[in-house]
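Visitor: I have not seen this structure before. Please show it to me, and then I will ask about its parts.

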Amino acid sequence: MEQRRLGPVVGLGTYATFEGDTRLAGGVVGAALDAGSRVFDSSPMYGRAEASLGAALRERRAVAFVATKIWASSVEEARRQYEAQRRFFGRVELEQLHNLVVWREHLPWLEAERDAGRVDRLGVTHYSAGSFDELERALRTGRFDAVQVPLSPVERECERRILPLAEELGIAVVVMRPLGGTGAPLVRRDPGEAALDPLHPFGIETWAQALIKWALTDPRVDVVIPATSRPDRARENARAGEPPWLPEGERSLVERYATRF
Ligand SMILES: NC(=O)c1ccc[n+]([C@@H]2O[C@H](COP(=O)([O-])OP(=O)(O)OC[C@H]3O[C@@H](n4cnc5c(N)ncnc54)[C@H](OP(=O)(O)O)[C@@H]3O)[C@@H](O)[C@H]2O)c1
């Protein structure tokens, strides 16, 4: 079964970073695009992040891949969110059902939108392993092209069922929270410059890059979407999207550093 249907690439998350600050968004998105990131993940749930992202992409929309979401408990509200996504210039490359909210009700009209060519792919997301049973049921319908779940050395529940299922079904995997979530608690476990020496041959200069490359090394993962409010970090993170990937020994080393406290 073909894997890595979208990647491997580093994208950009937009949760709790620039919200409605379009100038900041322009700087971060521009830096990400210049560094080769193409996938931008957002949601109506992220305050004004979608609006800022749309404005930031204006000049370069053609080269971007917009992965956003529907997060609504009724079809009526969902359709309002979808209309507002015209800010992405009439096209959404990946429309995801956020946190499985009434996903059975939304699927038929979203499939009609996909058939009409306004959406390329449909996906489904959940941030909590406690909902992976339901996520699995949704994926087994065979009606989704992508799934988004958390994956890092300290959040590995998806490795047991969701990644194998994605592989079996041949669907793309998007990884959220590669740095441990807002505030990047995993980045604060930086083992120090000398400890990163064995990772330099793999293009890794910083601990954040080690964590991102750790996730992207899994061949079932297509896109890793760290969020940042800093253009320099968008560039730093994007560089972790280049091979060579980590051999088993170096990948285990990252795990040991990340879990050593
Ligand atoms: N569907 C869902 O339920 C769901 C849930 C969570 C997340 N997501 C998606 O996944 C994306 C990523 O997850 P996340 O934002 O929760 O967490 P994350 O990407 O693991 O971490 C984001 C944090 O990392 C910091 N950071 C980024 N690059 C860094 C670097 N190179 N060095 C040091 N710190 C760095 C950022 O701070 P600075 O701004 O200071 O750089 C930010 O606080 C979200 O933005 C969102 O698009 C989806």
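Visitor: Is the crossing in which α7 passes α9 left-handed or right-handed?

Guide: This is a predicted model, in which local features need pLDDT of at least 70 and side-chain atom pairs count only at pLDDT 80 or more, while totals for chains, interfaces and linings use all residues. Residues are numbered from 1 along each chain as its sequence is written, and side-chain values use heavy atoms, with hydrogens and water left out. A crossing is left-handed if the near helix is turned anticlockwise from the far one by less than a right angle, and right-handed if clockwise. For α7 passing α9, the crossing is left-handed.

Visitor: At roughly what angle do the axes of helix α7 and helix α9 cross?

Guide: Helices (H or I, at least four residues) and strands (E, at least two) are DSSP runs, numbered from the N terminus; here α7 covers residues 207-217 and α9 covers residues 248-258. Axes are lines fitted to C-alpha atoms, for helices over the stretch in contact, and angles run from 0 to 180 degrees between N-to-C directions. The two axes come within 10 Å, and they cross at roughly 125°.

Visitor: Why is α7 called oblique to α9?

Guide: Angles under 35 degrees count as roughly parallel, over 145 as roughly antiparallel, 65 to 115 as roughly perpendicular and the rest as oblique. The angle between these axes is roughly 125°, so α7 is oblique to α9.

Visitor: Which residues of α7 and α9 make the contact?

Guide: Contact means heavy atoms within 4.5 Å. By class, the residues of this contact divide into seven nonpolar, one polar and two charged, where Ala, Val, Leu, Ile, Met, Phe, Trp, Tyr, Cys and Pro count as nonpolar, Asp, Glu, Lys and Arg as charged, and the others, Gly among them, as polar. From α9 come R251, V254, E255, Y257 and A258, and from α7 come W207, A210, L211, W214 and T217.

Visitor: Which residues in α9 are buried?

Guide: Buried means under 20% relative accessible area, exposed over 50%, and partly exposed in between (1.4 Å probe, protein chains only). What covers the buried residues of α9 includes α7. The buried residues are R251, L253, V254, E255, Y257 and A258.

Visitor: Which residues is L199 in contact with, leaving aside its neighbours within four places in sequence?

Guide: L199 has its place in the loop between β7 (172-176) and α7. With a relative accessible area of 0%, L199 is buried. Its contacts are I204, A210, L246, E250, L253 and V254.

Visitor: How are α1 and α8 placed relative to each other?

Guide: Helix α1 (residues 22-34) and helix α8 (residues 231-238) have axes 8 Å apart and pack at an angle of about 25°. Their crossing is right-handed. The residues in contact are G27, V28, A31 and A32 of α1 with P231, A234 and R235 of α8. On the angle, α1 and α8 are therefore roughly parallel.

Visitor: Is P231 buried, partly exposed or exposed?

Guide: P231 sits in helix α8 and touches G27, V28 and A31, not counting residues up to four places away in sequence. Because its relative accessibility is 27%, P231 counts as partly exposed.

Visitor: Which residue's side chain is joined to that of H126 by a polar contact of 3.3 Å?

Guide: H126 is in the loop between β5 (119-125) and α5 (132-140), and at 7% relative accessibility H126 counts as buried. A polar contact is a pair of N or O atoms within 3.5 Å; within protein, one must be able to donate a hydrogen and the other to accept it, and residues adjacent in sequence count only if both atoms are side-chain atoms. The partner of H126 at 3.3 Å is S131.

Visitor: What is omega for the cis peptide bond from P243 to P244?

Guide: P244 lies in the loop between α8 and α9. A cis peptide bond also joins G7 and P8, with omega about 5°. For P243 to P244, omega is near 10°.

Visitor: What is phi of V102?

Guide: V102 lies in the loop between β4 (92-97) and α4 (103-115), and V102 is partly exposed, with a relative accessible area of 30%. Its phi is positive in a residue other than glycine, with a value near 35°.
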